[in-house]
Every structure is written in C-alpha cells, then in structure tokens.
There are 2 protein chains.
Amino acid sequence: MSETTESERVKGELAESDQVMSLIGLNSKIQKRIGGALSAHGIGVTEYLVLNQLYATPTQTMRRSDLAERVGLSPSGVTRLITPMEKTGLVQKEDNPRDARVSLVTLSASGKQIYEDAQASFAHASAALLEPLTDEQLRAFSECLKVLSKGFS
Amino acid sequence: MSETTESERVKGELAESDQVMSLIGLNSKIQKRIGGALSAHGIGVTEYLVLNQLYATPTQTMRRSDLAERVGLSPSGVTRLITPMEKTGLVQKEDNPRDARVSLVTLSASGKQIYEDAQASFAHASAALLEPLTDEQLRAFSECLKVLSKGFS
DNA sequence: GTGGAATGCTTGAGCTTGCAATTATTTGGG
DNA sequence: CCCAAATAATTGCAAGCTCAAGCATTCCAC
C-alpha cells in the first residue's frame with residue numbers, strides 16, 4: 001500500500017522543488033529591481049529593511065540583535081551594516097543604561113525622511129514587479145505569503 | 001476624477017510592498033534551509049542551480065554566458081563559481097571549435113550523480129518549506145510564480 | 001581583405017555577509 | 001560576595017558576488 005503513496009509524495013515534492021526554484025529566480029529579480037530603485041536614495045535593500053524595522057517600532061529604537069533577527073542577518077552583519085549608516089546620519093547609536101552590553105540603534109530625523117522617500121520608490125517597484133498578476137491572483141499570493149511568513153527565523 | 005484613482009493605486013502599491021517584503025524574508029529562509037540541506041552533498045545553492053541547468057540541457061553542455069543568465073549571475077560570477085567545481089570534478093571545461101571565444105561547461109558523470117542525490121534533498125527541503133500551504137493554496141501559488149517567472153532576466 | 005565594433009571570458013579591486021573567536025557585561029548558584 | 005555560565009556586540013578571516021577593465025576572437029561594412 002505504500003507504493004502509490006510514495007510515488008505521489010515524490011511527485012508532490014518535485015512540484016514544490018519547481019516552486020522553490022521559481023522563488024529563487026524571483027528573488028534575483030527583486031534584488032535587482034528594488035535595489036535599482038533604492039539606489040536613487042543612496043541605500044541598498046538591506047539598509048531599507050533596517051530602516052523599515054526601526055520606522056515600524058513605536059520608539060524607533062531597537063537592539064542590534066533584535067534587528068539582526070528581524071531582517072534575517074547575523075549580528076556581525078548588523079554591526080557592519082550600521083556603522084556606515086551611522087556615519088551618514090541615517091541612524092544613531094545609543095547606550096542602554098540598564099544593560100551596558102546592548103547597543104541601541106535609533107532612527108534619526110534624516111533617516112526617517114529618507115525612509116519615507118524610499119518607501120515610495122519601493123512601493124512603485126513592487127507594484128511593477130507584481131503587475132503581471134491579476135487582482136485575484138494577487139490576493140491568493142498575499143494569503144500564501146502570509147502563511148509562509150508565520151514562523152520567520 | 002483622479003483623486004480616488006490615485007489613492008487606490010497607492011493603497012495597492014502598499015499592499016504589494018508588503019508582499020515583496022515577505023518574499024525577501026522568505027528568500028532568507030530558503031537560502032538557510034536549502035543551503036543547509038545541500039551542504040550534506042558538498043554544494044551550495046548556486047552550485048545546485050548550475051548543475052540543475054546543465055542537467056536539464058539535452059547535451060548537458062552550456063556556454064558560460066548562457067549559464068550566467070539562467071542562474072541570475074554575472075559572467076564573472078560564473079567563472080569564479082565554476083573554477084572550483086571543475087577542480088572537484090563536478091563539471092568539465094570544453095572549447096568550442098567553431099568559436100574560440102566561448103568556453104563550454106559540461107556536466108560530468110560524477111556531477112550528474114551528485115546532482116541526482118542533491119535533487120532529493122532539495123525536494124525534501126522544498127516540501128518542508130511549503131508544507132504550511134494547503135493543496136489549493138499550493139496550486140494558486142504555483143500559478144502565480146509561473147506568471148511572475150515569465151520574463152526572467 | 002581589413003579595421004573597427006561586438007562578443008565571450010577572465011582578472012583585479014572592492015563590497016557584503018557569515019562563522020568563529022574575543023571582549024565586555026550581566027546573572028545566578030553557592 | 002564571587003565565580004562560572006549566559007548574553008550582546010565586535011573583529012579577523014574567508015567566501016561569494018559585482019563592476020570595470022582587459023584580452024582574445026569573431027563579425028561586418030567598406
């Protein structure tokens with residue numbers, strides 16, 4: 001009784017392979033298009049992700065390790081990404097008086113402004129990217145992505 | 001008459017921003033999970049993409065620049081990726097007698113074997129990744145990805 | 001044919017990121 | 001109180017990639 005089950009499972013997995021392959025290809029496209037759109041604002045995709053996280057936080061302040069997890073980067077990646085962002089004034093570094101180990105990152109006024117500008121470009125590029133989908137497909141796609149993003153890291 | 005249209009367009013774009021953000025997050029997950037699964041075979045995700053392309057070609061041979069476009073890499077990226085693969089015997093380099101500029105890449109017997117092994121791991125990891133989707137969602141998702149992958153580069 | 005444009009690949013320099021080791025600080029059991 | 005374990009961030013090194021420049025070869029208009 002296991003033979004048909006097995007063959008169906010394998011067939012299913014192959015289909016899912018194709019979809020992951022498509023996702024990888026799609027990501028390549030995203031990086032190029034979105035990256036191109038954001039370059040007009042002097043930031044890269046990863047920097048945008050960081051600004052996005054800070055902007056969405058009530059205090060606009062976050063610990064580096066939380067930031068790392070949120071944007072899918074390693075802690076060292078965050079350090080090396082943020083150092084130049086601090087130099088250009090997008091964010092500011094702050095100490096946590098309660099715990100001297102943590103290093104807080106805050107969105108600066110100019111960082112907020114640049115993020116808001118970049119947000120428009122990001123939205124525009126995103127719309128162009130997903131333009132081939134019908135409204136109905138877009139809704140279904142959105143639903144799938146929501147499900148898949150549940151447990152993130 | 002343009003006001004509501006404009007506001008709807010902007011609202012639409014914001015929703016699409018969210019989806020692209022989800023896609024970026026999803027890609028981070030893919031790279032980690034699939035990369036982890038493939039590491040058991042001694043190859044990375046990009047190397048898998050190359051083997052996959054060669055395997056799918058009737059002659060199992062391809063020009064480097066075609067390979068570059070297919071896997072979304074720059075030509076120099078292909079050179080630097082393939083050099084070690086040649087050393088480990090996954091692929092072989094061949095000259096094209098008709099045009100001495102081009103450098104052909106061929107899948108070797110051991111490369112073919114390793115690809116087939118890796119394919120199973122890739123499929124398994126892909127299935128696990130998409131497991132939260134219902135069958136119906138999976139079909140819709142597949143359809144969307146097919147549409148979005150139409151014009152690739 | 002011949003010279004300049006186009007094509008295919010490689011190489012040098014540099015960027016971004018991860019992993020492992022290191023440093024600094026806090027926490028908790030004794 | 002104190003020391004070991006845990007936690008947060010940074011740093012050295014290496015991998016993987018891109019861009020721009022360079023080289024070899026082919027194509028094409030004349």
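**Close-up views of a predicted two-chain model**

**View 1. Helix 3 and helix 4 of chain B cross in this predicted model.** The axes of helix 3 (residues 64–71) of chain B and helix 4 (residues 75–87) of chain B come within 9 Å and cross at roughly 105°, where axes are lines fitted to C-alpha atoms, for helices over the stretch in contact, and angles run from 0 to 180 degrees between N-to-C directions. Helices here are DSSP runs (H or I, at least four residues), numbered from the N terminus. The two helices of chain B, helix 3 and helix 4, are therefore roughly perpendicular to each other, a term that covers angles of 65 to 115 degrees. B:Arg64, B:Leu67 and B:Ala68 in helix 3 meet B:Pro75, B:Val78, B:Thr79, B:Ile82 and B:Glu86 in helix 4, with contact meaning heavy atoms within 4.5 Å. These contact residues divide into 5 nonpolar, 1 polar and 2 charged (Ala, Val, Leu, Ile, Met, Phe, Trp, Tyr, Cys and Pro count as nonpolar, Asp, Glu, Lys and Arg as charged, and the others, Gly among them, as polar).

**View 2. Chain B can be laid on chain A by a turn of 180°.** This superposition has an RMSD of 0.0 Å and a shift of 0.0 Å along the axis, fitted by least squares on the C-alpha atoms of residues with pLDDT of at least 70 in both copies. The two copies are thus related as by a two-fold rotation axis. In chain B, the C-alpha nearest the axis belongs to B:Phe141, at 3.0 Å from it.

**View 3. Helix 1 (2–39) of chain A and helix 1 (2–39) of chain B each supply at least two residues to the lining of the largest cavity.** Among the lining residues are A:Asn27, A:Ile30, B:Ile24 and B:Asn27, and helix 1 of chain B gives the most, with 5 residues. The lining divides into 7 nonpolar, 2 polar and no charged residues.

**Notes.** Residues are numbered from 1 along each chain as its sequence is written, and chains are lettered from A in the order in which they are written. In this predicted model, local features need pLDDT of at least 70, side-chain atom pairs count only at pLDDT 80 or more, and totals for chains, interfaces and linings use all residues, while side-chain values use heavy atoms, leaving out hydrogens and water.

Definitions and conventions: Parallel < 35°, antiparallel > 145°, perpendicular 65-115°, else oblique. 1 Å grid on protein atoms, 1.4 Å probe; cavity = no way out; pocket = protein on both sides within 12 Å on 5 of 7 lines; lining within 4 Å.
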